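Here's a short tour of a protein model, written for someone just getting started. Have a look at the picture first, then read on.

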Amino acid sequence: MSPLPPNPTLKQLEALIGEWEVEVPQFPGQRGRANFEWLEGGAYLRFHAVAPDPAPTSTWIIGRDDSSETYTTLYYDSRGVSRVYEMSFSEGVWKLWREAPGFWQRFSGTLSDDGGSIRGAWEKSPDGSSWEHDFDLVYTRVK
């Protein structure tokens with residue numbers, strides 16, 4: 001059986017590939033790890049994060065319909081929480097969002113010019129109209 005070729009719709013995500021240290025500035029002194037890696041030779045992207053307490057450990061599987069600019073991400077974490085997010089990555093800006101009854105979420109992070117860090121923040125909303133800051137994240141590339 002021949003392997004799948006890399007998925008061309010995921011090409012722009014190459015900038016994220018690698019290992020990252022994770023910090024939540026609201027919880028100083030604690031660090032986690034994250035890893036972006038290709039699955040099935042580039043057919044999908046896997047993001048696995050072991051975050052500092054109290055954040056959960058999580059795995060994301062990322063793919064994209066070739067007729068859309070928006071990625072779909074399947075999320076599952078150590079609390080047993082399962083979610084589906086939409087995602088974009090363009091010009092170094094990484095965004096994730098979901099619209100669920102009673103609990104909307106969104107993340108925006110910016111990749112540094114040298115590709116060595118991502119600084120971002122999560123926000124939450126009960127209805128999609130009034131948003132509040134949830135927490136910040138800083139990713140620093142390890143390799």
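Lysine 95 counts as partly exposed, because its relative accessibility is 38%. Here, buried means under 20% relative accessible area, exposed means over 50%, and partly exposed is in between, using a 1.4 Å probe and protein chains only. You'll find lysine 95 in strand β7. Helices (H or I, at least four residues) and strands (E, at least two) are DSSP runs, numbered from the N terminus.

Which residues does lysine 95 touch? Leaving out residues up to four places away in sequence, the list is Glu86, Met87, Ser88, Phe107 and Ser108. A contact means heavy atoms within 4.5 Å. Threonine 70 sits 25 residues from lysine 95 in sequence, and the C-alpha to C-alpha distance between them is 10.0 Å.

## Where the numbers come from

This is a predicted model, in which local features need pLDDT of at least 70 and side-chain atom pairs count only at pLDDT 80 or more, while totals for chains, interfaces and linings use all residues. Residues are numbered from 1 along each chain as its sequence is written, and side-chain values use heavy atoms, with hydrogens and water left out.

## The chain as a whole

Now zoom out. The chain has zero helices and ten strands, so reading along the sequence gives β-β-β-β-β-β-β-β-β-β. Its C-alpha atoms fill a box of roughly 45 × 35 × 30 Å along the principal axes. The radius of gyration is 15 Å, which agrees with the value near 15 Å for a compact globule of 143 residues. That radius is taken over C-alpha atoms, and the globule rule is 2.2 Å times the number of residues to the power 0.38.

Of the 143 residues, 35% are buried. If you take contacts between residues at least 6 apart in sequence, 32% of them join residues at least 24 apart. The accessible surface is about 8,200 Å², with 51% of it belonging to carbon and sulfur atoms; such areas come from the Shrake-Rupley method with a 1.4 Å probe, and for residues only the protein chains shown count as cover.

What about charge? There are 14 positive and 21 negative side chains, and the centres of the two sets lie 4 Å apart. Lys and Arg count as positive and Asp and Glu as negative, while His and the chain ends are not counted. Each charge is placed at NZ of Lys, CZ of Arg, CG of Asp or CD of Glu.

Strand β6 (residues 82-90) pairs antiparallel with β7 (residues 93-98) over five bridges; two strands pair if DSSP finds at least two bridges between them. Glutamate 86 stands opposite tryptophan 97 in β7. Strand β5 (residues 71-77) also runs antiparallel to β6, with six bridges joining them, and tyrosine 76 has serine 82 in β6 as its bridge partner.

Which residues of β6 are on its covered face? They are Arg83, Tyr85, Met87 and Phe89, whereas Ser82, Val84, Glu86, Ser88 and Ser90 make up the uncovered face. In a regular strand the side chains alternate between the two faces of the sheet.

## Turns with a positive phi

Most residues other than glycine have a negative phi. Glutamate 91, in the loop between β6 and β7, has a positive phi of about 50° although it is not a glycine. Glutamate 91 is exposed, with a relative accessible area of 81%. Glutamate 40 also has a positive phi, near 50°, and lies in the loop between β2 and β3. Its relative accessibility is 57%, so glutamate 40 counts as exposed.

Glycine 80, in the four-residue turn of the β5 and β6 hairpin, has a positive phi of about 90°. In the hairpin of β9 and β10, with six residues between the strands, glycine 128 has a positive phi near 85°.

## Strands from both ends of the chain

Strand β1 (residues 18-23) pairs antiparallel with β2 (residues 31-39) over six bridges. Four bridges join β1 to β10 (residues 132-141), again antiparallel. Glutamate 21 has arginine 33 as its bridge partner in β2 and threonine 140 as its partner in β10.
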